[in-house]
Amino acid sequence: MTNAIIEGAAQGRPPSDAEARALADATDLPLLMEAAARLRDTGYRNVITFSKKVFIPLTQLCRDVCHYCTFAKAPKRLEKPYLTLDEVVDIAARGARLGCKEALFTLGEKPELRYATARDALAAMGYGSTTDYLQAAAAAVFEKTGLLPHLNPGTLTDVEFVNLRAVAPSMGLMLESASERLTRAGMPHHGSPDKTPAARLEAIAAAGRARVPFTTGILIGIGETRLERIEALLAIRALHAKFGHIQEIIVQNFRAKPGTKMVDAPEPALEEMLWTLAVARLVFGAEMSVQAPPNLSPGALPQLVAAGINDWGGVSPLTPDYVNPEAPWPHLVELEQDTAAAGKLLIERLTVYPEYALAGERWIDEKFRTPVLKHIDGEGLVRMDGWAPGDPVEPAARDLELITKKPARVSRDVAAILERATRGDALDEAEVVRLFQARGEDFSAVCQAADAVRREVNGNAVTFCVNRNINYTNICYFKCQFCAFSKGKLSENLRGQPYDLELPEIQRRVLEAWERGGTEVCMQGGIHPQYTGETYFEIVRAVKEAVPDMHVHAFSPLEVWQGAMTIDQPLEDYLRRLRAAGLGTLPGTAAEVLDDEVRKILCPDKINTAQWFEVMRTAHKVGLRSTSTIMYGHVDRYHHWARHILRLRELQRETGGFTEFVPLPFVHMEAPLYLKGRARKGPTFREAVLMHAVARLALHPYYANIQASWVKMGHAGVIACLNAGANDLGGTLMNESITRAAGAAHGQETNPDEMQAMIRDAGREPRQRTTEYGEVPEERIEAARHAPELTEIVNTPALKFERNAKRVLVRPGLEA
């Protein structure tokens, strides 16, 4: 019977309470461990996490007298009852300098209820309780060092949890055991009022009511039975089912310590630890984090991994484990090696687990939401590099090496997905998400599979286009939360000088671009309140009048939609008229992330996902090809990226009208959403490279071209992407202004010689192309080689205007 329960749990069917209790009789440890490891892998793949922390023992006074504890001490054995605030901040500051992100506060339970020494010390400092002092200490640490406090404050009331939630994004309390038997005379919890199961379970429930991301677990080897361990796990599971606040389950093994009543008690055998870990995993399922402290089982870390854990807990490069001082923390290098020996990758997390970090509005006090966002990637784990899109900081050498390093071990599920993708099979959302989760050797495998497909489709050539960006106005009445380009009284960002180019200035730039070898002008702008559909006809005609052979790549789907609506013309008719006027292709911008869950935050009044696709489908129908883009790394998640890519694949399969896919990583520096503290600072370098690689794989065989943006990725980043599926570098641009307005520092032009040098640095052959990937006449190539310096641009200052009261501004996202 237990075998069936075990297999059912391994396949994702949580055992009932009765079935879980039946596992107390399970004796086949290899079977339990294999099932637990398999279940863990469905939730955590090849990753084992840890938190880099500093340990702050605020007070070692405690009113409880647990028979195994050396942390709690009587007043006469302490130099002073509490650390001072200065000492607390000093410990935290030293930890911050070593790269710690968590400040773990550990302290005894309510010592003022037992010791006059504690009451007097608190009164002298001006505090009424240890909890009040903890609140002040945690606030000081965050304010002065930026470390995120994690508090282990003991059994608290609802009010105390609410108060402490304002100074700490996470807390914890070990249940240890749900057995009342352990509180009887002669048992380890006798004489410890805070160790009664009812008190501890009520405190854990109070944390749930306060919406505190919470850590709890059990202590094994103190006289409990296997069934009692399971009862404790079920009690925790019931509270989590009610409140959803349990971040992790810790299984901690008892260690006998000199100077305690249990100094001669036998420690639990490794097999007991492995059995308990495996059962905990089966009881809680694939998604719950299960942790084992690495310092308490030296030499056995691979076995702990094999039993189903996914986390090592907090590890400090500075302070000892004050609760288990006889067991030093493993060095992080050693921990990484031991984790790798178990076939896993060690990845840092915050004290707030990813699920809670990414849902900060529900789980975290407002003051911590922005700092947490600045620390995390799209999966909620710690950003491991200092790179950001548009920033001149070079990618880390280790990250660059992984792209081309031959992987020795690839996760089975990743290998299977890559095999299907390289054949051109359609991937589903979960499979695309799994590729975005690739780290370590899985990351290498994804990049190299994408590069192999690129080689098959494009050969050794890398293409680029000599073009000029012309942004005809920066006035816009839409309030996109990521945009630092638009100006004017209706825009989200009021920095800079509003302008609205006159047609002669547009024509001058077009002519200058032609003289410098350009074959395309890329034209987009803000949505000026005075613009109508006729405005865009005038712009196209002006370009064609100046240089008839110049390709006009212009007007985002938002501009097309707005233009058609302002003159009350069906989309198809309007696009046919634009094409007849000289429009050549459409840029696939205004896409951002093609999922309305994200668009509601980024650009709620802009066209929605269905409207964007309606414009593109109609454009392809009338013979206008287009690019496609994604602007990612802000409030989005991997599943949003997957949906975006798969939706593009479906339209491309239907129409074949997209010329390329262009990943545009979010440039955060001046973006309003980031400045308001509501966005991440763009994708990590790993994520940015993966966007190109995963797109190459998931869009195959319908897309031939994947473009890397030198403006956002920088030259080193572009070369990395060329080794991970990209085959195109876009345009030379001449005047890039939108990304630079957001804070990018990679310049406004990369000339043809620089393009070719970048491409050759990647070991590839450069080829200049037209907008639609055709051959470029030799005369154009020569003109580009001998291009004169650009003259200063003239941005015509915008005239004051009064909006026609009869015209209602088109806001398609709000009208849908």
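Biologist: Which residue stands opposite cysteine 465 in β17?
Modeller: That's glycine 731. Strands here are DSSP runs of E with at least two residues, helices are runs of H or I with at least four, and both are numbered from the N terminus. Before we go on, this is a predicted model, where local features need pLDDT of at least 70, side-chain atom pairs count only at pLDDT 80 or more, and totals for chains, interfaces and linings use all residues. Residues are numbered from 1 along each chain as its sequence is written, and side-chain values use heavy atoms, with hydrogens and water left out.

Biologist: Fine. How many bridges join β10 and β17?
Modeller: Two, in the parallel sense, with β10 covering residues 461–465. Two strands count as paired if DSSP finds at least two bridges between them.

Biologist: And what order do the strands of that sheet take?
Modeller: β17-β10-β18, an open sheet of three strands with parallel pairing. β17 (728–731) and β18 (765–768) each have a single partner strand, so one side of each has no neighbour in the sheet. The twist averages 20° from one strand to the next; angles run from 0 to 180 degrees between N-to-C directions, and axes are lines fitted to C-alpha atoms, for helices over the stretch in contact.

Biologist: What about the six-strand sheet, which strands are at its edges?
Modeller: β11 (467–471) and β16 (658–665), each pairing on one side only. The order is β11-β12-β13-β14-β15-β16, open, with parallel pairing. Ignoring direction, neighbouring strands there are turned by 30° on average. Inside that order, β13 (residues 551–554) and β14 (residues 583–586) pair over two bridges, and histidine 553 faces threonine 585 in β14.

Biologist: Switching to helices. At what angle do α26 and α28 cross?
Modeller: Roughly 30°, with the axes of α26 (residues 638–655) and α28 (residues 685–698) coming within 11 Å. That makes α26 roughly parallel to α28. The cut-offs are under 35 degrees for roughly parallel, over 145 for roughly antiparallel, 65 to 115 for roughly perpendicular, and oblique for the rest.

Biologist: How about α28 and α29, how far apart are the axes?
Modeller: 10 Å, and the two pack at about 50°, α29 being residues 710–722. They're therefore oblique to each other. The α28 and α29 crossing is right-handed, and the crossing of α26 and α28 is right-handed too. Right-handed is when the near helix is turned clockwise from the far one by less than a right angle, left-handed when anticlockwise.

Biologist: What's the peptide bond from histidine 700 to proline 701, cis or trans?
Modeller: Cis, with omega near 5°. Proline 701 sits in the loop between α28 and α29. In general, most peptide bonds are trans, and most residues other than glycine have a negative phi.

Biologist: Which helix gives the most to the lining of the second largest cavity?
Modeller: α6 (residues 130–145), with three residues.
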